[in-house]
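Here are some friendly notes to read alongside the model. Have the sequence and the 3D view open as you go.

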Amino acid sequence: MNDFMSCTKMEDCLIEDQTTFYSKAEHYWKEVPPTVDGMLGGYGSISSIDINGSKKFLQKFLGEGQGKTGTGCALDCGAGIGRITKRLLLPLFHTVDLVDVTQEFLDKARSYLGEEAKQVENYFCCGLQDFQPQAERYDVIWIQWVIGHLTDDHLVEFLRRCRSGLRPDGLIVVKDNVAFEGVIPDDVDSSVCRDLNLLHRLVARAGLNIICEEQQQNFPEEIYQVHTLALR
């Protein structure tokens with residue numbers, strides 16, 4: 001049995017109010033160095049395995065023709081310094097937008113992305129609980145290792161807004177840690193890890209369907225399982 005408290009929904013785990021939940025996370029990320037290792041909590045070594053798995057997953061849906069997802073514009077949510085933008089999204093899409101709550105990370109992204117930064121149209125500094133994607137702008141909205149920073153209700157509302165931000169045949173991809181059972185809070189970075197059952201319920205509440213789901217392979221055994229979900 002896990003030493004952490006496990007809950008059936010995320011709000012049960014929040015001892016403090018929502019404002020504190022969000023402000024603690026903002027403060028945590030302000031202290032994190034703007035590096036790949038910082039973005040991955042000291043697990044910078046898994047970045048290539050992660051990106052390769054994501055690319056294989058995403059390329060199944062991209063292309064031309066009926067039902068295929070276009071390659072015009074992507075949104076990187078919780079983008080940090082642009083690790084995913086640089087290695088996954090920019091090689092596949094004409095234009096990418098980044099959104100992150102930490103301005104220092106977005107400032108670093110401009111130099112980290114190098115020559116490819118010219119393909120980035122927007123750097124949005126905003127928490128996802130407050131972010132409104134432009135209607136019908138994005139072919140793919142990529143949301144990785146960030147949903148644990150949203151309350152259940154805010155996650156549902158954000159996914160609904162993302163749905164309205166999709167172009168025809170567009171795709172929302174959520175890639176994140178999943179708990180074995182219940183909801184496990186992390187007081188260090190002020191986040192939670194949800195189990196798959198809860199995540200599936202929240203996706204359904206947002207009016208989205210899961211069209212594909214896979215577990216990321218070859219990650220270290222000591223970290224949570226990571227699942228990738230394609231939604232539309």
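The points below cover the sheet, the salt bridges and the annotated site.

1. Before anything else, a word on the basis. This is a predicted model, in which local features need pLDDT of at least 70 and side-chain atom pairs count only at pLDDT 80 or more, while totals for chains, interfaces and linings use all residues. Residues are numbered from 1 along each chain as its sequence is written, and side-chain values use heavy atoms, with hydrogens and water left out.

2. Let's start with the sheet. Seven strands form an open sheet with mixed pairing, in the order S3-S2-S1-S4-S5-S9-S8. Its edge strands, each pairing on one side only, are S3 (120-125) and S8 (210-215). From one strand to the next, the twist averages 15 degrees. Helices (H or I, at least four residues) and strands (E, at least two) are DSSP runs, numbered from the N terminus, and two strands pair if DSSP finds at least two bridges between them.

3. Strand S9 (residues 225-231) pairs with S8 in the antiparallel sense over five bridges. Within S9, Leu-229 is the bridge partner of Glu-213. Helix H7 (residues 152-164) packs on the sheet and touches S1 (73-77), S4 (138-144), S5 (166-178) and S9; contact here means heavy atoms within 4.5 Å. The direction of H7 makes about 150 degrees with that of S5. For such angles, axes are lines fitted to C-alpha atoms, for helices over the stretch in contact, and the angles run from 0 to 180 degrees between N-to-C directions.

4. How many salt bridges does the structure hold? There are 10, counting a side-chain nitrogen of Lys or Arg within 4 Å of a carboxyl oxygen of Asp or Glu. One of them joins Lys-30 to Glu-26, with the closest N and O atoms 4.0 Å apart. Both residues are in helix H2 (residues 18-30), and being four residues apart they are separated by about one helical turn. Lys-30 is exposed at 51% relative accessible area, and Glu-26 is partly exposed at 29%. The classes are buried under 20%, exposed over 50% and partly exposed in between (1.4 Å probe, protein chains only).

5. Salt bridges with shared partners join Asp-50, Arg-83 and Lys-175 into one network.

6. Another salt bridge pairs Arg-137 with Glu-121 (3.3 Å, N to O). Arg-137 lies in the loop between S3 and S4 and Glu-121 in S3, so parts 16 residues apart in sequence are tied together. Arg-137 is buried, at 11% relative accessibility.

7. Finally, the annotation. An unreviewed UniProt entry places the feature "binding site" at residues including Gly-78, Arg-83 and Asp-100; its positions are given in the numbering used here, feature names are shortened, and annotations may be inferred rather than shown by experiment. Asp-100 is in strand S2 (residues 95-100) and is buried at 8% relative accessibility. Leaving aside neighbours within four places in sequence, Asp-100 has contacts including Gly-78, Phe-105 and Cys-126.
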